[in-house]
Amino acid sequence: MPVFSHAENYNHEQVVFCRKDEVGLKAIIAVHDTTLGPALGGCRFYDYASEADALRDVLRLSRGMTYKAACAGLNLGGGKAVIIGNPRTEKSEGLMRAFGQFVDSLGGRYITAEDSGTSVADMDFIRQETSHVCGVSKYAGGSGDPSPVTAWGVFHGIRAAADEKFGSPELEGRSVAVQGVGNVGMHLVRYLHEVGAKTVITDVDQERLEQCADEYGSEVVGLEGIYDAEVDVFAPCAMGAILNSNTIPRLKAKVVAGGANNQLDDIGVHGKMLQDRGIVYAPDYVINAGGLINVYAEIKHMPREKALRDAESIFHTLKRIFSLAKERGITEAQASNLVAEQRIRTIGTLQSFQRGGL
Ligand code: NAD
């Protein structure tokens, strides 16, 4: 596979191939952009069909992290790592620590974290080899589960989108369909319940559904019924690519604002489709940045309260994105990319000026 042209397409700074046969480690670390700070992004452990698929994934995901951090106003760049293999059968202390040594060899240009296929316990192994890891256990000085902060950011993002569409950020009496009441979705339903919003929920996990309905009085609908729910807001909090040509025409909601990653099946096509239907869309990587804000607080040794306060600023970031989209006649997804790129350009100039002055 033509590695350099691939990395060039996304403008990556550095791509590192890591191999240690003794522990079965095959990993790729992608450092996309460090203009704003060290490249931070999770380490995914996944049984990719091919090495080319792994490379594509790490390049795409690391680029996404650059945009997420930039929009969230953090002094972080974007990076990501993938370990190739089956996490259930191939993971070991030796493998995770060997990966930690590769992370350490980058001298802080890349900071790793948990992602699908890796756990807090894995981060603790990595921590034994490098300090450039976050999301370690509380015992090892970590900040614990980020999902309450993610959900708090999503809650404030919904307020911003409601303000944009309905002229008021107040959610009392509004109805919100939450797809997936897992870690993020359940906290979100709680926050919505606390301000008097009505919630309609669905999940494949019956136990979680019942727990949520019992605690917060949510109305339960089927997995498909969530798209047709007569609500003001649709909040995807489960999987990606659920906003597509089949689902968008069915939505009754006038706002889409939720915590799931990669919600639009095709950013260009489906971002426009939402706009044409008059639906306000809160770009996923902007509204779900609370988790990243939380690990940033961990790195900076700031308390959870500070992370929660910073997650509230997602309200203002989204308002700015909505204004820019209207002003330029573009979709919200395009506007968020512009906001990220502009911040990187501006702060990049400041930092090089500072370096020049030293
Ligand atoms: P989770 O696994 O705890 O929750 C996902 C929930 O969705 C589960 O309860 C699952 O049963 C349910 N689900 C799965 N398939 C479904 C379907 N077809 N229909 C309805 N429900 C379904 O995950 P999470 O940590 O809550 O994350 C949710 C989403 O938010 C993911 O896309 C994740 O990448 C994203 N996200 C999470 C965080 C975080 O802090 N946890 C941060 C940023 C983004």
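## Aromatic pairs

Searching the whole structure turns up six aromatic pairs. Two rings of Phe, Tyr or Trp (its six-membered ring) count as a pair if their centres lie within 6.5 Å; planes under 30 degrees apart are called stacked, over 60 edge-to-face, and the rest tilted.

This is a predicted model, where local features need pLDDT of at least 70 and side-chain atom pairs count only at pLDDT 80 or more, while totals for chains, interfaces and linings use all residues. Residues are numbered from 1 along each chain as its sequence is written, and side-chain values use heavy atoms, with hydrogens and water left out.

## Two pairs to look at

Start with Y67 and Y285, an edge-to-face pair with 6.4 Å centre to centre and 75° between the planes. This pair links distant parts of the chain, 218 residues apart: Y67 belongs to helix α2 (residues 51-71) and Y285 to helix α11 (residues 284-287). Helices here are DSSP runs (H or I, at least four residues), numbered from the N terminus. Y67 counts as buried because its relative accessibility is 9%, and Y285 is buried too, at 15%. Buried means under 20% relative accessible area, exposed over 50%, and partly exposed in between (1.4 Å probe, protein chains only).

Next, find Y227 and F234, which make a tilted pair: 5.8 Å centre to centre, with 55° between the planes. Y227 is buried at 7% relative accessibility, and F234 is buried at 1%.

## A cluster and a charge

W152, F155 and Y191 come together as one aromatic cluster.

Elsewhere, the charged end of R174 sits over the ring of F166, 4.0 Å from its centre. That wording requires NZ of Lys or CZ of Arg to be within 6 Å of the ring centre and within 35 degrees of the ring normal.

Terms used: Helices (H or I, at least four residues) and strands (E, at least two) are DSSP runs, numbered from the N terminus.
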